[in-house]
Amino acid sequence: MLDTPNRVAVDAPALSDTDAAGGALAASATAGSPAVRKPKLLSVADAKAMSLSDMTEMFKDHINPGQLHFMKLLGFHKVKIETASGMYYTDQNGRKILDFFGGFGSLAFGHNHPRIIAARKAFQDEDRHEIAIAFMSQYASALAKNLAEIAPGDLDMVFLGSSGSEAMEAAIKVAERAAGPKRSKVVYAHNSFHGKTKGVLSLTDSELYRGEFNLTGNTVKVPFGDIEAIRKAFESDPEIGVIVLETIQGGGGIIEAPVEFWRELRALCDKHDVLWVADEVQCGMGRSGHFFAFEKAGVVPDVTALAKSLGGGKTAMAAMIASRKVYMKAYGTPKTAMIHAQATFGGIGEACVTAIEGLNVMYDEDLIGNAERVGGYLIERLNGLKDKYPQIIKDVRGRGFMVGLEFQDFSQTLPALLRPMVALLDDKLKGSLSGFVGAELFRDHNVLVAFTEYNRNVIRLEPPLICGREHVDAFIAALDAVLGRGIVRIVRDFIGSQAKK
Ligand SMILES: Cc1ncc(COP(=O)(O)O)c(C=O)c1O
């Protein structure tokens, strides 16, 4: 019997092995008073039928009241999504929203890809076990095998988890153990983002997120893509054993280093016996036009991590993939194996099925090739707008469907009469056009884009890899229409819309 405080003791009959789970308890509950008084719970049907205002109130009361502030700035607080399919969300009013945000890279397959849905439904109908702790799972084994097959070199050993942060925690742990206690210092980059759990927070370069948490101190920060700074660090500090870098910085504003950087990094790591951990949580899974973004440079890290789209846009799935050599050094004996064995939800059945089907879809539908081709087209069209609006667009960068659009910083050039009004806005918006343009794309053109953690002048475009040229054309037409109004009107309209709320 469970002994939760509000439980009333009952002599529950022993469950026979033919009883459906809970059958005996349900029988005793109907015979007399229930064993435990049911709290006032909402049902799934209640959730489905919930109004926008109730949903908002509950979000405010129980999830994150402060976050609502940002939703209001962008107009997201008026939206209750009812369905999502392919490149589009549909809201409670039947409004279709074109998704160029893609859940920060979590929706490679678009919303509700039919093959992924079918694989999940088939699995549900088979009465399979989900939790793969006592017994192994053929699905976890198959997913690990697939990832090892895709990953280059000897990146063969896979840890399955459920978030990017968890995969990155596993990555720094395996590297730290393989490097050994005398080489425990970790190099990370300026403007990095590796997650918000406490271990990886030490390697996430955000004062806001790090706050006053008590973090690991044995880290060394270098500018992203600066091989000389890394060389200097490696040469001057023999305790450095690991370097952790996003291959393309997402939160930093879609920042890349040239292929030579990665080649020199590989050589430098080999020379100094430092392990390279490549964070591919956002840029991996085909988004860059390669399965792993580091493949463009033709080099292989010692450890990498995937998440986001690995869950097929339907579930939480993440993987750390280590080279066999690194893995065996860290956890290769029966004595060390359990230091690392998966957490409760590692390799959970339906999530593995989803990821396996997703990986197959990725190749069957040539989504990586599509990302390269149509992503290239997107960049070309954005460069066309940059030529048309040089006073508004400062830079277009990235590759595949990991694209950054940087606006000019207008904080100094804005007409004097608008400056006091802009000064009243949130810090996140001051001096930045990305918030205004994003909000107006959404309000007037039903297009969703993403913002960037550390560079408020950058809009991040990470549409699903199924995105076609027609979607790019629709997006560019919308952006053209917004930018064509000019900075002053964009800002004035935005401020006006805020005042009406
Ligand atoms: C590069 C990178 N690493 C790690 C993470 C953390 O992933 P998660 O939010 O799934 O914990 C993210 C999330 O955005 C990311 O972009």
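The domain assignment, taken from an automatic or database source, divides the chain into domain 1 (1–40), domain 2 (65–111 + 367–500) and domain 3 (116–364). The structure is a predicted model, in which local features need pLDDT of at least 70 and side-chain atom pairs count only at pLDDT 80 or more, while totals for chains, interfaces and linings use all residues. Residues are numbered from 1 along each chain as its sequence is written.

The centres of domain 2 and domain 3, taken over C-alpha atoms, lie 29 Å apart. Their contact involves 30 residues from domain 2 and 28 residues from domain 3, two residues being in contact if their C-beta atoms, placed from the backbone, lie within 7 Å. On the side of domain 2 that touches domain 3, helix H16 (367–388) gives the most, with five residues. Helices (H or I, at least four residues) and strands (E, at least two) are DSSP runs, numbered from the N terminus. This side comprises 13 nonpolar, ten polar and seven charged residues; Ala, Val, Leu, Ile, Met, Phe, Trp, Tyr, Cys and Pro count as nonpolar, Asp, Glu, Lys and Arg as charged, and the others, Gly among them, as polar.

The ligand is surrounded by 14 residues, the closest being Gly164, Ser165, Gly195, Val281 and Gln282; a residue is near a molecule if its C-beta atom, placed from the backbone, lies within 6 Å of it. Helix H8 (residues 164–179) contributes the largest share of this shell, three residues.

Ala171 also lies in helix H8. Ala171 is buried because 31 other C-beta atoms lie within 10 Å, the cut-off for buried being 20 or more, with 12 or fewer for exposed and partly exposed in between, for C-beta atoms placed from the backbone.
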